Amino acid sequence: MPDPVFPVDLTNCDREPIHLLGAVQPFGFLIALDSTQWIITRLSSNAVAWLGAGPAELVGRPIEDVFTHESIHLIRGQLQTAVFTNTVARAFSVALLTDGSRFDLAVHVNGDTIVIEAEPCIDEQGVNSGALVRAMIARLQQTPDLRTFYRVAAREMRGLTGFDRVMIYRFDHDGSGEVIAESARGGLESYLGLHYPASDIPRQARILYERNWLRIIPDVSATPVAIQPGLIGGRPLDLSMSVLRSVSPIHIEYLQNMGVGASMSVSILRDGKLWGLFACHHYGPHTVPFERRTAAELFGQMFSLLMESRERDGEAAYEARARKLHNQLVTVMAAEATRFDSIVSHLDEIADLLSCDGIGVWTGGNATLQGIAPTQDQFIGLIDHLTRRDLGDVLACHEIAEEYAPGRDFADRAAGMLVVPLSRPARDFLIFFRKEVARSVNWAGDPSKPVVVGPLGARLTPRKSFELWRETVSGQSIPWQPVDVRIAESLRVSLLEVILHLSDITEVERRRAQERQDLLIAELNHRVRNILGLIRGVISQSRDPSLTVDAFTDVVGGRIQALARAHDQITADNWGPASFRGLVVAEAGAYLGGKATRVRLSGPEMLLEPQGFTTLALVVHELMTNSAKYGALSDSTGAIDIETRLDAQRDLHITWTEQGGPPVTPPTRRGFGSTVIERSIPYDLKGEATVAYEVTGVCARFVIPASYVRPAAGALAEPPAEAAAEVSAADLPKDVLIVEDNMIIALDAESSLVRAGIDTVRVAASVAQAMRAIATRPPNFALLDINLGRETSFVVAEHLDSLGIPFVFTTGYGEDIAFPPKLLGVPRIRKPYSGDALLMAMRR
C-alpha cells in the first residue's frame, strides 16, 4: 500500500529533481570552478583515476595546479563563446594533463560556477564526422515522401552511432508518443507503430530535452559517481546542461525492465518545442565517442530543420488552397448582401475552406446545419454552452465531450469542433465539425502505471511489461492543427471586419482602390521612362573609339547590371530605402568573386532613398571596377576600406581608401567612369565628391545630403537622458581596435561595443594587421589578446604605448605569463569576459 501521507500518482515522476541528483556517470569526470578565481569548488570522486588525486586533495586549489596552461587557455577561449550563446562549448583531443593524456571536453557556465566535464578521447582514425553528416543529409534530401524520410533518418542515425535499435518517436497532442520509424539489427522484434503513454517521459525530462539536444547512457548498470562536496550553501550542483549527468533511478529501472543496456536520445524540435526524439537502444553497454555524438547531435538539428520545412510545405499548400477559396468567397460575398444571411447562403463554400465533415452557423437566434452534424436541438444546447463561455478567439477541440459533457450523445456524428465567434460579445457562431474516428491504439504494455511498492519505495513503479496492449479509442476526431486555426481566424477577421463592419464603406473603398491603381500606373510609367532614359545615357556616354565591340559590351553590361542590382534591392522593400552595406556587398560579391572579402566596411549601417541609392550604385560600381583593373584589387595583396559616418547635419560621409596595391597614377583622360565618380553625386544629389590619386592608393570622399539618408534600425537610437549622461561622463572612445585571432570572440566583442554606442570598431587578427590599422588611423583605444597563435601582441602594445593610446590586455592564460617589465602595469581582462567588463575597462 502506498504511504497515505504522500499519495502516489503520475506527478511523482514529474516532481523528481533529475537535474539535482548530485552525481555523474562514470565514463568521465566533472570538475567545477569558481568563475572569479578559477578555484576548484567541486569534483567527482572518480577524478582520482585520471588526476591521481581526489576531492579531498584538489578542492580549494587553483586549476593551474591540475591542468596545463595551454588547455586552460583553450578552455577560456571556448567559454567566451559559451557565455555569449548560453550553450555548452566543446573541445576534442585536448592535452589536459602534463603526461599528454588527451580528453574530450564539454564546458558551460552555471551562475557563478564553471563546469568542465572530461572524458578520455577515443581517436577514430580516418573518421571524418563532418563528411559523414553531409552524406547523411544528402541522402535525406533525396527521399520522396515523409514516411521514407523518417525511415532513412532512423537508418542513418543507427549507421552513425552503432546502436542495436534506433527509433523516431513522435509526440502526440496529449503528450503520448508513437514510434513512426525504426531501424534495428536482425532478430529484434519491431516496435514500429507502438504507442507509449505521456508518463513514460516525465515533464521535467522533456524540458531538459529542449535545452540539451543529446543525452547518452553508455552503461545502464554503471554505478553513479558522487560529486563532492554534495552541497554548497545548502544546494547541490545544477546539472541541467551536464553531459555526464547521472540517471534517475526510476529511468534506470524502466530501461532495465525493457532489457536495454545502453541508450541515447537526440531531440527533434519544431518551433523550439519538443516534437519527438531519436530513441537509440543497445542491449549491452555501448560507448559512442564524443566527437561522433556531436555529429549525431548536428544530424538531429539538421533533421529537425528539414522535417519542419517538409511539414510546412504540406501546410503551406493546404493554407494556400484555403486562402484562394477564401479570397474568392469574400469577393463574392462583398459584392452582394452583407448581412448574416450572406454567410448562410454560402455555407457550402465556407465548409470547403477546411477539412471538415459538417458545418453549422448560429446567427440572430437561428440555426443552419449542413453535412454530418448534431441535430438542431443538440446544436442549440451546444450554442448555449458556448455563449456562457463568451469566447474571444477561435476554439479548437478534437473531443467535444471534454468541453461539453452532453456532446457524448452525438459523438458518433460530431466528435470534434472548431468554433469561430462572429460577434462581441460572443452570441453568433460558425462551427466546423469533424466526425468520430474510432481507432485501435497499440500500446507497448498497459499505459496505466500501477501503484506498487517497488525497489525504490512507494511510488509509481516503471512498467515491467512491454507486450502489445491494444486499446480502442472512441469519441474523438482527427485533431485540429495550428494551420486549421489560422485559416479559421483569417475567415473570422474577414467576416467581422470586411463584410460585417465595413459593408457601409465598400463602395468608397472601391473608388479609392481605383484611384490608387491609376496613380500606380502613372508612377510606373514615369519610372520606366526614367530607367530607359538612364540606360540610353549609359550606352551613349560609354562610347569609346579605343574599345572593341566585346570590351564595349562588357563595360555597358557591367554598368547596367550594377543598376539592376540596385533596383533589386530597392524594389525588395517596395521601392523604399535600401542598405548601403548591402549595395557594397552585392557589388563586391557579384563583380569581384573571391576578392570580395578584401573589401572592409566600418561605421554605422545606413539606408539610402531610391534616387540616392541608384546614383551611388553606379559610383560604387565604377570605383570597384577601377580598383580591380588598376588599383588595390588588381593584385593579391591590396584591400579597400569603406567607412561611413554622419555629421551634425545628418549628412552621410563615405570614405573610400585603397591600400596595399600597386602604385597609382592619375588617369591621363577622363572617361565616363571617372565622370560618374566625380560628378554624379554633386549633380544628381547636390552632394560632394573628391577623388585623390595617391601613390599608395585611391582615396575618395563623398557627402550624401541628409534628405537621401536614413539610419538603419537601431543604428542611431537615441538613449534615455540618464543613459546619455552616463555615456558622456564615462567618455567612451569613438574608435576602438580589437586585436584577436579568434573570429567568434572578435565578432562577439565587436557586437557588444557597437551596441554600447561606440562609433567605429575595427578588428585585426595578427600583429601585422594591427600595425597597419594603427598606421592608417590611430585608434582611441585598443583591446589586445595576448596570445595571437604563434606570436604575442606585446609589439603592438609597446607601439600603442609610444603613441600614448590607452589599451588593455585580454588573456586566456593565468596571471603568471611572462610580461615585458614596462607592460606589467597594463590592466588585464581574463576570458571569458562580458560586454560590461569591456566598457568598465574603457571607463577606467
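These questions and answers cover a sheet, its helix and several ring contacts in a predicted model.

The model is predicted, so local features need pLDDT of at least 70 and side-chain atom pairs count only at pLDDT 80 or more, while totals for chains, interfaces and linings use all residues. Residues are numbered from 1 along each chain as its sequence is written, and side-chain values use heavy atoms, with hydrogens and water left out.

Trainee: In what order do the five strands of the open sheet stand?

Mentor: Strands (E, at least two residues) and helices (H or I, at least four) are DSSP runs, numbered from the N terminus. Two strands pair if DSSP finds at least two bridges between them. Here the pairing is antiparallel, and the order is 15-14-18-17-16.

Trainee: Why is one side of strand 15 and of strand 16 left without a neighbour in the sheet?

Mentor: Strand 15 covers 366-371 and strand 16 covers 395-397.

Trainee: Which residue of strand 17 stands opposite L395?

Mentor: Strand 17 spans residues 416-421 and pairs with strand 16 over three bridges, in the antiparallel sense. The residue opposite L395 is V419.

Trainee: What angle does the direction of helix 12 make with that of strand 18?

Mentor: Helix 12 (residues 376-389) packs on the sheet and touches strands 14, 15, 16, 17 and 18. Contact means heavy atoms within 4.5 Å. Axes are lines fitted to C-alpha atoms, for helices over the stretch in contact, and angles run from 0 to 180 degrees between N-to-C directions. The angle is about 120°.

Trainee: How many residues apart are F379 and F433?

Mentor: Rings of Phe, Tyr and Trp (its six-membered ring) pair if their centres lie within 6.5 Å; planes under 30 degrees apart count as stacked, over 60 as edge-to-face and the rest as tilted. A search of the whole structure finds 13 aromatic pairs. F379 and F433 form an edge-to-face one, 6.3 Å centre to centre with 70° between the planes. F379 belongs to helix 12 and F433 to strand 18, and their separation is 54 residues.

Trainee: Is F433 buried or exposed?

Mentor: Buried means under 20% relative accessible area, exposed over 50%, partly exposed in between (1.4 Å probe, protein chains only). F433 has a relative accessible area of 0%, so F433 is buried.

Trainee: Over which ring does the charged end of R434 sit?

Mentor: A charge sits over a ring if NZ of Lys or CZ of Arg is within 6 Å of the ring centre and within 35 degrees of the ring normal. For R434 the distance to the ring centre is 3.8 Å, and the ring is that of W480.
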